[in-house]
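Open the model in your viewer and keep the selection panel at hand.

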Amino acid sequence: MENIKAKTSLVSAEELQKQKEYAAKVKSVLSVRYNSAPKACVVTFGCQQNVSDSEKIKGMLCDMGYSLTDETTDAKLIIFNTCAVREHAEDRVFGNVGALKKYKLENDGVVIGLCGCMMQQEHIAQRIKNSFPFVDLVFGTHVVHRLPELLLKTLTRKKRVFEIPDMDGVIAEGIPVVRDDERRAWLPIMYGCNNFCSYCIVPYVRGRERSRSLESVVEEAKDLISKGYREITLLGQNVNSYGKDLEPKINFSYLLRILNSLEGDFRIRFMTSHPKDCTKELLETMAECEKVAKHLHLPFQSGNNRVLRAMNRGYTREKYLELIDYARSLMGSELSITSDIIVGFPGETYEEFKDTLSLVSKINATSLFTFIYSPRVGTPAAKLDDPIPKSEKSKWFKELTDLQETISASQMKLHNGKIFKCFVYGKGKLGDNYIAARTDGNLIIEFEGDESLIGTFQKIKVIEPLTFVLRGEIVKEKE
Ligand code: SF4
């Protein structure tokens with residue numbers, strides 16, 4: 001069993017100051033080499049935590065004198081922020097990195113950097129070292145805040161830089177951020193995970209759970225609200241553990257209530273919750289706080305108790321159903337539930353998989369994120385016998401997605417005629433004059449309207465439920 005230590009190690013003010021000085025040095029190196037700001041492209045793979053990390057990387061790069069581009073073929077610096085959760089994601093990264101070789105050879109002075117969860121794994125870093133000699137910089141998840149120092153080394157020495165310390169993790173406050181969206185923001189409240197689910201690589205690559213201080217989270221939320229952000233999504237591998245390592249201890253419900261009490265017209269979301277740590281208090285808090293979206297992403301992974309034990313999930317099917325029933329009793333049809341499921345965990349039988357199907361039939365989720373099990377090097381599950389062939393798992397997977405499609409469609413029909421308060425977030429896909437909005441429960445409604453409504457909350461009536469999206473019309477307030 002892993003030795004779990006609760007650690008909150010804040011990066012010191014002196015260290016952050018040093019990084020600022022490195023950033024200034026990078027800036028002066030770039031100003032000698034280029035007549036105008038060179039372009040940097042940050043490509044993000046994987047989850048919202050990575051998206052949030054990339055926003056910090058972009059913030060630091062702008063501080064160092066880069067301008068940003070979305071095109072790798074336009075950039076003097078390319079950074080891939082990678083994901084290790086599934087083999088498929090890793091293969092995509094290797095493919096994309098390989099494709100950069102020609103560009104690098106044909107363009108003088110291009111720097112290629114790799115970071116994120118994939119790089120935190122020893123065998124991956126070795127493979128990059130040996131097989132991708134054109135990659136200049138590789139850094140792990142615990143040293144993102146040291147990018148100025150690492151980039152300066154890369155630019156000024158004729159050596160490749162690999163910096164991947166194995167540690168419990170740190171918290172770096174005050175890193176500049178360039179956000180991808182002007183109205184919706186990611187707000188990390190904690191990092192790392194202590195759960196060691198037997199299939200998951202996250203605790204090995206993201207370190208131990210560590211919460212940001214209440215003050216830092218609230219200050220960042222206030223800043224976002226004052227800048228006009230309307231949707232704030234609190235991030236953490238297991239947000240339900242928030243505050244356990246703080247002194248004095250607080251919990252996630254407490255944080256939600258404080259954020260809910262802040263002035264302004266905004267909505268709070270959060271992800272991801274772990275059923276083991278999801279309390280009745282949290283569900284009651286969700287129900288009572290008007291600014292907290294009635295959307296619960298609560299991954300159950302399997303509906304069979306033996307498989308759940310083998311996954312080291314720490315709850316049973318019965319406990320999960322109890323939570324869902326309680327949440328529904330508090331929030332009724334307003335509540336939208338989403339979940340993650342793994343199909344074909346090593347040793348899972350078809351009979352056991354049928355328990356997953358029956359759980360899916362009971363919870364009436366709005367949507368599910370379903371995956372076929374992918375072995376991760378170094379995790380306990382990767383050492384288990386896995387006799388079921390991929391072709392068989394694919395059939396189970398199809399059975400599951402077919403079932404959920406039917407459930408989602410019937411859920412969508414229930415919304416016909418309902419009026420939702422929605423956040424209008426961007427252009428729609430149903431037609432040129434459609435714009436898209438998101439309900440509290442994370443459903444997407446598209447309606448014909450003016451782009452000037454983007455960034456506002458509107459009341460929208462559903463007039464036609466489609467398969468994955470609702471068609472609606474704006475409800476005009478009476479004069
Ligand atoms: S709770 Fe489990 S699945 Fe989620 S990040 Fe932690 S170890 Fe991975």
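A crossing is left-handed if the near helix is turned anticlockwise from the far one by less than a right angle, and right-handed if clockwise. This is a predicted model: local features need pLDDT of at least 70, side-chain atom pairs count only at pLDDT 80 or more, and totals for chains, interfaces and linings use all residues. Residues are numbered from 1 along each chain as its sequence is written, and side-chain values use heavy atoms, without hydrogens and water.

**Stop one: H2 and H6**

Select residues 48–63, helix H2, and residues 147–156, helix H6. Helices are DSSP runs (H or I, at least four residues), numbered from the N terminus. The two axes come within 10 Å and cross at roughly 60°. Axes are lines fitted to C-alpha atoms over the stretch in contact, with angles from 0 to 180 degrees between N-to-C directions. H2 is therefore oblique to H6 (oblique is what remains after under 35 degrees, roughly parallel; over 145, roughly antiparallel; and 65 to 115, roughly perpendicular). The crossing of H2 past H6 is right-handed.

Now show side chains. Ile57, Met60 and Leu61 of H2 meet Leu147, Pro148 and Leu151 of H6; contact means heavy atoms within 4.5 Å.

**Stop two: H12 and H13**

Select residues 317–331 (H12) and 350–363 (H13). Their axes come within 11 Å and cross at roughly 10°. So H12 runs roughly parallel to H13. Arg317, Tyr320, Leu321, Ile324 and Arg328 of H12 touch Asp355, Ser358, Leu359, Lys362 and Ile363 of H13.

**Stop three: the ligand**

Which residues surround the ligand? Select Cys193, Asn195, Phe196, Cys197, Tyr199, Cys200, Val202, Pro203, Gln237, His274 and Arg313. Each has a heavy atom within 4 Å of the ligand.

Methods. Helix = DSSP H or I, 4+ residues; strand = E, 2+ residues; numbered from the N terminus.
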